[in-house]
Amino acid sequence: MTLSVRNVAVAAALSAALCTALAGCGGGSGTSASGSGNQAARMGTPGASAPPSSGASAAAPQAAGSSPAAAPPPAKPPTLAPGPNGLTPVFDRAKQQSDKTVALTFDADMTSDQGQRAADGEHFDNPQLISTLRALKVPSTIFMTGRWAEEYPDQAKAIGTDPNFEIANHSYSHHAFKSPCYGLPALDAAAARADVDRAFAAFRTAGAVNTVPYFRFPGGCYDDQALRALSTAKVTAVQWDVVSGDAFAKDPDAVAEQVLTGVKPGSVVVMHCTRSAAPVTEEAIHKIVPELRKRGYRFVKVSELIGT
């Protein structure tokens, strides 16, 4: 990862594992070990999703004496079809775009062994960033670790019950699903699959309901073995095509410029929702959002990009 190297000097205040993990989240290539031969598996094809309810049928008059019509079930979040041999599909950008849409995504990182640091006052959350996204009316996807949801259950519930947001899975432990991966401890296939389930369980325990079947690999590191390990989880792995460079950054203008330079129609931008390791993200958002809107962009959640 080239973009976070210039900021590594500030990492002395943080553990090496968190520093390298966030650097990976901000700029890992996510390329499968099998190379271009697995491009179809990485991209997949749009899977079926429940059709939206018809406005006309919802407005149809109710017959006298009849029971009230049951509300239609909510549409299922769209996913991609499995790749060859059932490998988990990977999405990094909407390739077919007729309008200017962009998805801002935020990794809420916390590893399984950082509880004492949180108890000592380190802030792995960023409530001001969430408030700013609400105030600016920016639909966003939060890739949350299960450990983060356990540490900040009230915030996880507030995010996960706000229609402005959707919560996606960033693992429970923020350990690596492929080794080497920026010094992160590695999980074997069985532990990796269980780690994903444990994160979803943590979201449910916190009371989050706006969850989607999307997964982001810690550090952005994966290979065919990792995609195979998650195949039974029925998730779509979500990477990115625009690196914000906000991990350990000190200059919000530089972060904003990096995003504004990289965004294209259908882009997925990776940022962070972690005050201690990405302290200028919220300030950068104040520059990114109005400028992209001025350029004609519309902000959407990842689910909308995948559904196009």
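How many disulfides does the structure hold? I began my notebook with this point, keeping in mind that the model is predicted, and I found that the structure holds one disulfide.

Entry on the disulfide. I looked up which residues take part, and I noted that Cys181 is joined to Cys221, with 2.2 Å from S to S. I reminded myself that a disulfide is a covalent bond between the sulfur atoms of two cysteines. For the link of Cys181 and Cys221 I read 80° about the S-S bond, and I wrote it down as right-handed. I then placed both ends: Cys181 is in the loop between β4 (165-169) and α8 (189-206), while Cys221 is in the loop between β5 (211-215) and α9, so the pair ties together parts that are 40 residues apart in sequence.

Entry on burial of the cysteines. Are Cys181 and Cys221 buried or exposed? I take buried to mean under 20% relative accessible area, and because Cys181 has a relative accessible area of 3%, I count Cys181 as buried. Cys221 stands at 11% relative accessibility, so Cys221 counts as buried too. I also looked up Cys273, which counts as buried at 1% relative accessibility.

Entry on Val235. I found Val235 in the loop between α9 (224-229) and β6 (236-238), and I recorded Val235 as buried because its relative accessibility is 4%. Which residues does Val235 touch, leaving aside those up to four places away in sequence? I listed Thr88, Pro89, Phe200, Pro213 and Phe215. I finally compared Val235 with Tyr214, and I noted that they are 21 residues apart in sequence and, from C-alpha to C-alpha, 5.2 Å apart in space.

Methods
Residues are numbered from 1 along each chain as its sequence is written. This is a predicted model: local features need pLDDT of at least 70, side-chain atom pairs count only at pLDDT 80 or more; totals for chains, interfaces and linings use all residues. Side-chain values use heavy atoms; hydrogens and water are left out. Helices (H or I, at least four residues) and strands (E, at least two) are DSSP runs, numbered from the N terminus. Buried means under 20% relative accessible area, exposed over 50%, partly exposed in between (1.4 Å probe, protein chains only). Contact means heavy atoms within 4.5 Å. A disulfide is a pair of cysteine sulfur atoms within 2.5 Å.
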